[in-house]
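Please look over the model below before reading on. The points that follow take the fold first, then the contact between the chains.

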Protein chains: 2
Amino acid sequence: MTSVESAYELGRRDRKKLETRAALEHAALTLVAERGLAGVTVEDIATAVDLSSRTFFNYFPSKEDALVGGSPASAAELRERLEAVPAEVPVLEALRLMSRAEAEHVQRRREQWLLRLKVFEQNPSLLPRLVASGTETELAVSAAVARRSGVELGTSGYPELVTAVALTAFRAAMMRWSAAGGHPALADLVDEAFSQIAAGLPDP
Amino acid sequence: MTSVESAYELGRRDRKKLETRAALEHAALTLVAERGLAGVTVEDIATAVDLSSRTFFNYFPSKEDALVGGSPASAAELRERLEAVPAEVPVLEALRLMSRAEAEHVQRRREQWLLRLKVFEQNPSLLPRLVASGTETELAVSAAVARRSGVELGTSGYPELVTAVALTAFRAAMMRWSAAGGHPALADLVDEAFSQIAAGLPDP
DNA sequence: ATGAAATGTTGCAGAATCTGAAAAATCATC
DNA sequence: GATGATTTTTCAGATTCTGCAACATTTCAT
């Protein structure tokens with residue numbers, strides 16, 4: 001819970017910064033959910049939070065980035081979660097545990113994530129960005145996987161492959177979760193996906 | 001080979017269109033490889049092919065889309081390749097065969113794809129787009145998978161998962177191929193990735 | 001061959017995105 | 001409170017992208 005604890009130690013300035021960022025994210029999501037991606041300008045979003053549009057760009061490089069928001073977790077957090085799993089645990093299982101933890105984190109921000117995923121469904125051009133946020137983390141995670149499995153990055157391709165597949169499974173579970181209105185427990189869907197993968201994805 | 005055969009039947013107009021499109025793609029790739037993404041404007045690209053920038057936008061909605069080019073294959077082509085595989089073949093194996101065919105197609109355009117992948121490595125902000133181009137196809141393929149495996153889309157999540165994992169494996173193989181300078185046969189790398197997945201991604 | 005229809009290309013006007021630089025407001029600290 | 005650091009704002013400007021109308025080329029029927 002490093003991130004939460006350290007939040008207590010922030011001064012007014014940084015607290016406001018986080019607030020502003022969250023407010024912009026929220027405004028962007030709700031506005032785009034209402035009017036669609038093309039129906040909302042950065043100006044609109046900024047005005048909704050009573051800020052100048054230039055300030056918006058101090059927080060996000062583009063309109064789309066505000067919708068993606070902070071990635072589900074920072075690369076560092078995921079890596080920590082992975083490294084917290086004992087070394088005897090097989091790699092895929094370790095990635096499952098990491099993903100479960102992440103799933104619970106997402107579920108804690110249930111409403112926000114369902115809104116986000118809904119926006120993404122309605123504006124498919126955004127989907128790439130969602131994957132993009134994973135791109136940075138994918139590197140960090142695959143590096144950790146390489147260390148754990150004693151394989152060098154860029155040789156066998158194993159760390160890259162397991163990592164990519166694991167994150168893909170996580171994303172698939174999120175989509176399914178969203179499509180089901182967020183009713184099932186996301187962690188269960190994650191487990192299910194990993195089970196199928198561990199079994200080699202046999203015909204159903 | 002439907003696409004090739006039908007290409008013979010194109011009139012001058014459509015032939016020119018394809019040429020123009022390819023020329024724009026090529027110019028975009030080489031220019032960005034030289035100067036970086038930010039160092040190239042749409043104006044530059046259009047001028048390099050002696051077209052107005054307005055015409056550029058008749059072909060591609062954005063600079064980035066010109067770099068991604070036509071996806072490795074159209075969704076329809078992939079679906080056809082998948083449907084060409086006998087129904088008795090297990091789903092994952094069918095997807096492997098489909099990916100192999102695609103790999104050979106990419107290898108036939110070796111230089112172009114290596115350049116593209118190099119540009120993507122140098123401009124990580126583009127990576128999402130590469131995956132994006134897969135997004136459309138992912139839908140078509142998962143629909144075909146659903147039909148083949150007799151499962152409805154959006155219920156078990158199985159078609160979506162296998163499809164996503166298969167395309168991920170393909171992408172991982174392409175990255176590895178690119179990192180290795182395009183020397184190994186892409187089809188072999190694809191096979192290897194699918195083997196590991198079929199085995200449940202055990203520790204190496 | 002010729003003319004009408006369809007389609008491709010271009011220039012222009014204009015909205016929206018995004019960046020740099022400097023002034024103005026706000027916050028931290030002493 | 002005064003001082004220094006950070007954030008927000010204003011402003012100018014480059015670039016991206018879209019609609020529209022004019023013009024050029026290709027296609028097709030005759």
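How many helices and strands does chain A have?

1. Chain A has 11 helices and zero strands, and its pattern along the sequence is α-α-α-α-α-α-α-α-α-α-α. Helices here are DSSP runs of H or I with at least four residues, strands are runs of E with at least two, and both are numbered from the N terminus.

2. On provenance: this is a predicted model, in which local features need pLDDT of at least 70, side-chain atom pairs count only at pLDDT 80 or more, and totals for chains, interfaces and linings use all residues. Residues are numbered from 1 along each chain as its sequence is written, while chains are lettered from A and ligands numbered from 1 in the order in which they are written.

3. The radius of gyration of chain A is 18 Å, which agrees with the value near 17 Å that a compact globule of 204 residues would have. That radius is taken over C-alpha atoms, and the globule rule is 2.2 Å times the number of residues to the power 0.38. Along the principal axes, the C-alpha atoms of chain A fill a box of roughly 50 × 40 × 30 Å.

4. In chain A, 36% of the 204 residues count as buried. A residue is buried if 20 or more other C-beta atoms lie within 10 Å of its own, exposed if 12 or fewer, and partly exposed in between, with C-beta atoms placed from the backbone.

5. Is Pro61(B) buried or exposed? Pro61(B) counts as exposed because it has 11 C-beta neighbours inside 10 Å. Pro61(B) is located in the loop between α4 (53–59) and α5 (63–68) of chain B.

6. Between the chains, 36 residues of chain B are in contact with 36 residues of chain A, where contact means C-beta atoms, placed from the backbone, within 7 Å. On the side of chain B that touches chain A, two or more residues each come from α7 (91–108), α9 (127–149), α10 (158–179) and α11 (186–198) of chain B. The largest share, 12 residues, is given by α10(B).

7. How are the two copies related? Chain B superposes on chain A by a rotation of 180° with 0.0 Å of shift along its axis, at RMSD 0.2 Å (least squares on the C-alpha atoms of residues with pLDDT of at least 70 in both). The two copies are thus related as by a two-fold rotation axis. The same surface serves both copies, as 100% of the contact residues of chain B recur in chain A.

Notes:
Contact = placed C-beta atoms within 7 Å.
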